[in-house]
Every structure is written in C-alpha cells, then in structure tokens.
Amino acid sequence: MTGKVWLVGAGPGDPGLMTVKGLNCLREAQAVVFDRLVNPILLQEAPAGCELHDVGKEANRHPIPQPQINQILIDCARRGLRVVRLKGGDPFVFGRGSEEAQALRECGIECDVVPGITSAIGGLAAAGIPVTHRDFASSFHVVTGHLQDGKEPQDWGKLAVLPGTLVILMGMSQIQTICAALICAGKPADTPAAVVMRASTPEQKVLCAPLSALAQESEDAGFHAPALIVIGSVVSLREILAFSGSA
Ligand code: SAH
C-alpha cells in the first residue's frame, strides 16, 4: 500500500504558531522531511521511531537539490509511510511546496496540504507591524527578492508605484539593489521600512529606517537571512503596536 504525504506549514518560527491540524499530522507521522526554517523544537512532536529527514537549504546554496527532495518524498510514500513534509511558514508561499505537490501527484501519490501562517504576514505581526491598516495600506504585495538564473526577480519600477505594503522575502542578498531600484522608480526615499530577522523566535531582531537608509543600516547591524523586508507606512505603527509576541 502506498503511503500519503501531507505538506504541512510549520508557521513563521514560534512553535505555538503551527496549526492544530498540522500538529496532529506531525504526531501521527512515520516520516518527517523538514526544512532549515522549521523550528527544531517541533520535531520533538513526531512519535518515537518516526524517520527524520533533514533537507534544509541555505540561501543561494542547495545542499539537497529539489529533485532529490521530491524523490525522498516519493520513496517514503512508496514504502507505505505517512509522510509529513514540514515547511516553514505556509507550504505554498515560495519554498517550492507546490512543485513538490505536483511531483507527488504525477507519481500517483496521495498528497494533502495543511496551510500555515506565512512569515510574510505572521512574521511582521510578531514584530508589531500590521500588514494592512485602514489609514495606511489597503493592500499588500508579497514578492521574492531572490534572483533565479541571474534574472531580476521583479519589475521594481511597477512595484514602486503601488500604494500598499511591500513585503520582500529572500531579499537580503539584494537589499541594496532593491532599495535603490525602488527609490529610482519613484518610491519616496523617506518611506518607512524595516527588516525583521528570525521573526517570532527568541532571536527576533527588528530594524526600522527610512527606505534610503535601510540597506546600509541593516548591513551595519549584521542583519542576514532569514529576514523579511517590509516597506510602507504601516511600519510607523510599530512604535505603538510592538508586543512581546509571547502567549
Ligand atoms: N513558506 C515560507 C517562505 C519560504 S521562503 C513562508 O510562508 O513564510 C524563505 C524566506 O521566508 C526567507 O528567506 C525569509 O525571507 C522568509 N522567512 C521565513 N521565516 C522567517 C522568519 N522567521 N523571519 C524572517 N523571515 C522569514
């Protein structure tokens, strides 16, 4: 009998931010295939004897190539196991969860998804930054800043003129270029902006600066991936809304 794979979102970092459904899946798993962004504390929820497969990736380096990750999932399922593919945030927000689901379906393997809280929203909230606010932003745009095959990932000129909150994932290696391109295309240099590193974990660090100073200040302060870049007036609300994040 072929097994089944659940693509489960682990949330942005705080283990308490995983869904009840996801946790129940994890507690019944026979194999867990997990990413670098998953809080390792969650792995303690897997039952005794459960196989643990670490397929963690690092920015710009892929220690385990994607086809091999797909193959691990396929092999585990073909051995009849209940497999949890545990991914940071939401499984379908970047991170190639949808490609994994496709690969499984193509092999006729049953696959289900358990959504998670994406860092793009929940990670900002943990830093006291609401992604929308009636007076400041009536839309938000979540984009990747990661270059694929040397190609520019976004048309920054188009994004610069949108009035909503701009959230950039995987953008830290390009932060200078991104901020400069946005300003060049008309985004005001004094737009409130922030970098949120390791959101919702005890190591969370937040840096707020005007868009024109963000790249330099975050570099000087040693900010690095995993981090969210957020640009828009909602960042100014952090002064009032920043909470500890603990339950
Ligand atoms: N599926 C994930 C995103 C995967 S892409 C989600 O929904 O959150 C990986 C990027 O997500 C990182 O480079 C970083 O930009 C962002 N990210 C994920 N977890 C984060 C965290 N705890 N703090 C800051 N950024 C995070």
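Student: Hi! What volume does the largest pocket have?

Tutor: Hello! This is a predicted model, and in it the largest pocket has a volume of about 1,500 Å³.

Student: Nice. Which residues lie nearest its centre?

Tutor: Those are Arg36, Leu37, Phe94, Gly95 and Met170, out of 50 residues that line the pocket.

Student: And how does that lining split by class?

Tutor: The lining has 20 nonpolar residues, 20 polar ones and 10 charged ones.

Student: Which helix gives the most to the lining?

Tutor: Helix 3 does, with 3 residues. Helix 3 spans 97-106, and both this helix and strand 10 supply at least two lining residues each.

Student: OK, changing topic. How many residues has the largest nonpolar core?

Tutor: That core has 23 residues. Ile168, Ile175, Leu182, Val195, Leu214, Ile229 and Ile231 have the most contacts inside it.

Student: Which elements each supply at least two residues of this core?

Tutor: On the helix side, helix 5 (156-160), helix 6 (175-184) and helix 7 (211-220) do. The strands are strand 7 (165-169), strand 8 (192-197), strand 9 (205-210) and strand 10 (227-231). Helix 6 gives the most, with 4 residues.

Student: Let's zoom in on isoleucine 168. What is it in contact with, leaving aside neighbours within four places in sequence?

Tutor: Isoleucine 168 is in contact with Val143, Thr144, Gly145, Trp156 and Ile178, and also with Ala227, Leu228, Ile229 and Ile231.

Student: What about the other core, how many residues are in that one?

Tutor: The other core lies apart from the largest one and has 18 residues, including Ile69, Cys76, Leu104 and Ile109.

Note on methods: Residues are numbered from 1 along each chain as its sequence is written. This is a predicted model: local features need pLDDT of at least 70, side-chain atom pairs count only at pLDDT 80 or more; totals for chains, interfaces and linings use all residues. Side-chain values use heavy atoms; hydrogens and water are left out. A nonpolar core is a set of buried Ala, Val, Leu, Ile, Met, Phe, Trp, Tyr and Cys residues joined through side-chain atoms within 4.5 Å. Buried means under 20% relative accessible area, exposed over 50%, partly exposed in between (1.4 Å probe, protein chains only). Contact means heavy atoms within 4.5 Å. On a 1 Å grid over the protein atoms alone, a cavity is a set of points where a 1.4 Å probe fits but cannot get out, and a pocket is an open set with protein on both sides within 12 Å along at least five of seven lines; lining residues have an atom within 4 Å of a point. Grid points are joined across faces, edges and corners, and a volume is the space filled by probe spheres set on the points. Ala, Val, Leu, Ile, Met, Phe, Trp, Tyr, Cys and Pro count as nonpolar, Asp, Glu, Lys and Arg as charged, and the others, Gly among them, as polar.
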